[in-house]
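Hi,

Here is the structure I promised to pass on.

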Amino acid sequence: MLELAYALTVHKAQGSEFDTVFVVIPNPCRILSRELLYTALTRQNSRLVLFCQGEPHKLLDYRHQSDAARRLTNLFEPPEPVAVGQRVYDDKHIHRSRRGELMISKSEVIIANELAAGGIVYEYERPYIGSDGSRRYPDFTIEDADTGITWFWEHLGMLGDAGYERKWAAKLAWYRSNGIISEEEGGGPNGTLLTTTEMAGIEHAQIARNIRTIKSDI
């Protein structure tokens, strides 16, 4: 039997410790992040009870959702704002590919470096304008002038998150409406869509398979 008792927000509990901690995570929880989740799960000394609305394994998605990466504050030195695509981040929280491109995702850096190592020329987040004038930014675009084939490579790093999956479904439909079809379906008149996923870490086998696919058509 549960009885009503006093509760603290995660922010209020920061810096405190308790023998037993009950953590309640509603769904949706728009303020939830990697840092907030870490704080909540480390307040206990002996026992943690997690009440999670939805599927608990989806909390693993928050490994890639960091509030700190978007902050432009520092107690001891001024931030160094750097534009990456349409957003601005502190230089300390971004990564660079072998060719020097600025990227937020370490997984995209790995893909970029594998493409470069394979001698494949690519463009990172080159805008593609659809037939209706709308614009999307594929992670990687690879064009072969000799064959006329264009590949669009998207890395899906947060599958399992409902909001992310809805956005990807909409983007996939947009690609299809513009004649860009997945490699599994034989490609489309305006390009072939390649994907990699990251359910439990990046899959190097998927990267290698996509690179073999590109090279076989060049």
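Predicted model: local features only at pLDDT ≥ 70, side-chain atom pairs only at ≥ 80, totals over all residues.

Residues are numbered from 1 along each chain as its sequence is written, and side-chain values use heavy atoms, with hydrogens and water left out.

Start with the helices (DSSP runs of H or I, at least four residues; strands are runs of E, at least two; both are numbered from the N terminus). Helix α3 (residues 106–117) packs against helix α5 (residues 204–217) at about 40°, and their axes are 11 Å apart. Axes here are lines fitted to C-alpha atoms over the stretch in contact, and angles run from 0 to 180 degrees between N-to-C directions. From α3, I110, I111, E114 and L115 meet H204, I207, I211 and I214 of α5, where contact means heavy atoms within 4.5 Å.

Next, G157 sits in the loop between β11 (150–156) and α4 (162–177). G157 is buried, at 14% relative accessible area (buried means under 20%, exposed over 50%, partly exposed in between, with a 1.4 Å probe and protein chains only).

Finally, look at S134, in the loop between β8 (128–129) and β9 (135–136). Leaving aside residues up to four places away in sequence, S134 touches Y128, I129 and W174.

Cheers
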